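Please open the model in your viewer and keep the sequence beside it, for we shall select one part after another and look at what is there.

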Amino acid sequence: MDMLQDFLVGLAPSTLFFAVITVLVVVAVIRVRRERGKQARNEALFVSMFPDLQPYYHPARVFEYVKARLAQAPPRSGKVWKDPPGFAGRTADIRFEGEREVVRILDAAGALLTQFIFEDHKEGGAIRIGKGKLTASTRMAQPRVRYWHPDREFKWTPASWIFKTPLAERPFESSERGSSFSSDSSSSSWSSRGAAVAPFVAAGGAFDGGGASQAWSEGGAVSGESTAASTSY
Amino acid sequence: MIAGHLVARPIPGLLPVRDSRATLRVLIASLAPGGAERIVVEWVGAELARGRSVELAVLHPRNHTLAAPAGLTLRIRERESPEEFMRTLAAEWRDGAASVSTHLVPDAFLSILWSAGVRTVPTIHNARDGWRNDPREWKPENVPMAIACADSVRVELLAAGCVVPVATVRHRPRVGAAAFDAGLRREIRAELGVGDSTFLVGAVGAIKRQKDYRRAIEVLARLVKRRDAALAILGGALDAEGLAELDRLVARAVALGVAARLRLPGFVPMIEPYLAACDAVVNVSRFEGLSIATQEALAAGLPVVAARVGGQGEISHAALTLLDAHAAAEEFAAHLATHRVRASLVAAPFARAPRIASAALAHRAPTGALIDTLFVTANLNAGGAQRSLANLAAALAGRHRMAIAVCGETTATQFADMLRGAAVEAFRPAPDADPIAAAESILAHAGERGARNVCFWNADPRVKLAVAKFATEGLRLLDVSPGAYAFAEMEEARGFAACIAYSGAYYYARLDALVLKYGAAAHPPCRRVELIPNGVALRPAREAAPGYPRFLVNGRIAPSKRIEAIVDAFRRVSAVHRDAQLHVVGAAEERHVGYAAALRARAAGLAVRFRGAAADLAPVDEPFTAALVLGTHQGSPNAVLEAMAASIPVIANDSGGTRELVVDGHTGWLLAEDAPSGALAAAMLEAISDPAECAERARRARELVRKAHGLDAMARKYLAILDAGSAPRHEKMDAWTSTSAPGAPRPSLRAPSPATAVP
């Protein structure tokens with residue numbers, strides 16, 4: 001310790017200044033990299049858990065589109081929207097089919113990339129795609145998007161994600177601090193504690209609890225199992 | 001069509017069913033998706049499907065759970081504390097006769113059951129690093145037996161100082177048809193965003209450190225350098241530690257640039273469609289008990305590349321590649337790269353015995369009327385083995401406390417009546433002939449009755465294997481074997497033996513004594529081998545021959561008795577002696593009705609009388625020129641002995657122990673084992689032509705029976721074996737002189753040397 005003190009005292013003030021600056025810069029770079037890493041991790045979670053939303057429906061893009069769409073409603077006759085927010089470089093071909101506002105995203109050659117239905121929503125706007133629905137809240141201070149699907153959900157803000165998927169026992173929040181079980185309880189789709197809920201399987205796989213065995217005949221021949229599986233005793 | 005009296009059909013209700021199996025009581029930490037939980041649910045589901053009463057208690061509720069099978073009594077802890085829950089269980093279960101099966105429940109909770117007198121049989125589902133119990137603390141009065149999910153785990157338990165018996169039960173998972181459904185494969189791959197040409201690797205199991213999914217990510221990173229590939233982790237995080245591990249594995253995927261190739265569907269409702277979607281499975285666990293995930297993937301026809309840890313080496317399957325536990329990711333990737341994107345889905349299932357763990361719960365304290373020996377037999381049909389058992393039991397009645405467990409249906413009343421008349425208890429141990437149910441009930445019955453011996457007498461080899469595997473050391477096991485036929489049967493049961501992590505070799509090593517009925521040239525090694533030929537009661541001596549050629553066939557109508565050769569021989573005899581008669585006394589079991597009908601057709605026009613089964617031995621008191629006994633895999637044939645005892649000359653083939661009774665030219669006619677009908681006809685004609693010689697051979701044969709094959713001599717020899725190890729209680733019996741041959745060392749469920757212990 002004394003040696004370190006002697007060393008620091010022996011340094012010229014300018015050298016000390018540059019050393020401190022250097023340390024601060026390094027720390028800042030590390031922090032930025034770490035933040036980026038964590039952000040990338042969160043994005044990776046989104047990609048890996050929601051393959052059905054890839055690559056067009058990142059909530060940030062959805063928010064951009066909804067916000068822009070709400071700002072300029074298309075006529076009932078439809079609209080071709082070049083380079084719409086959230087779908088940069090693409091074209092949104094908007095048509096009304098009955099009451100539904102169907103949006104087809106086309107590439108530069110006019111080929112269909114994806115399509116969805118836009119809906120007004122009291123919080124802003126919503127996009128229906130497949131079995132899922134993305135709802136963008138445009139009236140809050142910061143962007144918010146939530147996704148509902150029969151099997152998986154998320155809530156997104158630029159700072160964090162809350163995932164409710166079969167990936168975890170309970171909803172979990174993923175932010176720059178890492179993942180933790182969320183206190184969010186707004187959803188009601190989780191089964192009540194203590195109940196034997198619908199079968200979920202992993203860590204060993206699925207099965208329906210069906211009886212696998214059959215009686216042996218007196219003669220001792222092995223009975224086959226009723227499924228495509230194996231001999232069962 | 002065949003006359004009804006020639007068909008031996010099962011007789012319902014002939015014997016009472018005394019099923020000593022109790023309600024199956026199981027305690028598990030939770031039903032969170034996992035290998036251990038799946039084992040329990042498959043096991044109790046299989047028992048439920050057979051009508052077994054099951055109570056399942058779950059200590060910790062979860063949101064994502066396996067579905068408990070319908071029909072069981074399910075109790076999941078709710079608001080009470082775990083300790084209160086355990087105390088309630090203890091109060092309710094304290095009067096149960098059977099032990100409670102426990103899974104992943106720590107000793108602190110088990111001790112609440114123990115203090116209430118509830119015995120437990122813990123199953124250890126993981127390698128030592130994953131244990132929740134300290135097996136050194138288990139005492140036999142609380143834990144009569146423990147189960148290890150693999151031999152490697154069993155060895156660890158014993159090495160850790162476990163003093164209670166440990167049996168290995170390897171569960172093989174059931175994989176349904178959805179694992180081979182091409183439509184589901186397409187659907188899941190589309191859902192995951194995986195293209196048709198992408199090689200999809202699955203990794204199955206909850207996200208936790210043990211599974212080392214970061215290493216799986218590294219494998220993926222190496223693999224994508226070789227081919228278009230993706231990795232789907234089929235499992236989720238159960239707790240904060242799991243979430244932390246999730247963060248780490250995703251961060252690793254980002255760092256290695258493969259995040260876009262990672263799929264995390266989490267806990268999926270059915271694994272089979274996902275297995276259908278995959279092209280291979282990787283298992284890089286740091287430690288495993290016996291991986292259900294690996295086994296189900298193999299059963300689904302997927303190649304698996306896995307680390308050789310724990311019980312992985314005990315999985316024998318052509319599609320399994322095991323690598324060193326510390327093998328580099330590159331090595332895993334290289335092996336995965338050798339496989340193709342699957343074009344067809346083909347099952348490769350394991351044989352299974354999901355209910356075998358029930359037999360581990362059969363320990364009982366003596367409560368009922370005590371017995372010395374529980375005999376176990378397949379049936380009481382009209383056969384030689386059954387007759388010798390009935391003869392022995394009647395001879396021992398009053399001298400030895402015993403009961404007879406009859407595992408299957410019986411088609412004749414005579415031996416059941418005989419036993420009833422001798423006040424010998426006979427019962428069915430289970431409602432049907434299922435070997436696992438029978439084994440559990442037999443063990444439980446032996447315990448309740450304080451039996452010292454279980455003696456197999458013409459029993460299903462699967463029953464013998466299952467009983468021997470779970471019998472505790474204090475229970476002596478004896479096998480009375482007719483010889484080669486029984487050994488061949490045991491060999492044929494090797495598939496079942498493998499299913500229950502046992503073998504014929506272990507069985508014979510476990511036996512306290514193997515009793516042979518004749519001096520078989522070859523038999524499995526056993527630490528004690530005894531020779532006890534059958535004995536029969538002497539009939540009155542008779543000199544008079546019949547007034548015309550008259551031959552007897554006395555026994556079951558079955559192909560093994562070669563009665564068609566006898567009919568053919570009789571045709572030749574009839575050509576010479578038109579007044580000759582052939583009397584066939586016996587019936588065919590239902591499976592041999594076709595054979596019996598063919599025989600009747602073959603005998604058309606001949607003086608062959610098919611008399612049906614006889615209720616007693618009265619036919620041998622009739623005058624006959626000779627009794628004809630052909631057979632395969634004979635032991636010490638009662639049909640021969642009974643004819644000899646009744647002064648009927650015997651013409652027999654040289655099978656098994658027949659040559660010890662029939663000495664050609666001295667006590668009868670002994671033909672080659674595969675004697676053709678011509679040779680048999682020649683012997684029959686010789687017997688007809690020389691009544692004096694016939695009578696002399698019959699006299700010598702009867703004398704042989706009197707000297708060496710009496711009932712009492714047989715009974716004394718058996719009694720000596722059955723009473724071995726106990727204080728002599730039969731002073732009038734001669735001391736038994738052993739002709740034991742040295743055999744294999746005695747195996748033990750509690751062997752001090754794990755390496756040599758029997759699972």
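Which residues does B:Val201 touch, not counting residues up to four places away in sequence? Select B:Val201 together with B:Leu220, B:Ala229, B:Leu231, B:Cys278, B:Asp279, B:Ala280, B:Val281, B:Val282 and B:Leu336, which are the residues that it touches, where contact means that two C-beta atoms, placed from the backbone, lie within 7 Å.

This is a predicted model, in which local features need pLDDT of at least 70 and side-chain atom pairs count only at pLDDT 80 or more, while totals for chains, interfaces and linings use all residues. Residues are numbered from 1 along each chain as its sequence is written, and chains are lettered from A and ligands numbered from 1 in the order in which they are written.

Next, colour B:Ala146, B:Val201, B:Val376 and B:Val650, which touch the most other members of the largest nonpolar core, a set of 314 residues. Such a core consists of buried Ala, Val, Leu, Ile, Met, Phe, Trp, Tyr and Cys residues joined through C-beta atoms within 7 Å, and buried means that 20 or more other C-beta atoms lie within 10 Å of a residue's own. Helix H1 (residues 35–49) of chain B gives the most to this core, with 9 residues; helices (H or I, at least four residues) are DSSP runs, numbered from the N terminus.

Now move to helix H20 (residues 638–645) of chain B, which is largely enclosed by the rest of the structure because 8 of its 8 residues are buried. Among what covers them are helix H11 (384–396) and helix H22 (691–708) of chain B. After H20(B), select B:Ser647, whose phi is positive, near 65°.

Definitions and conventions. Buried ≥ 20, exposed ≤ 12 C-beta atoms within 10 Å, placed from the backbone. Helix = DSSP H or I, 4+ residues; strand = E, 2+ residues; numbered from the N terminus.
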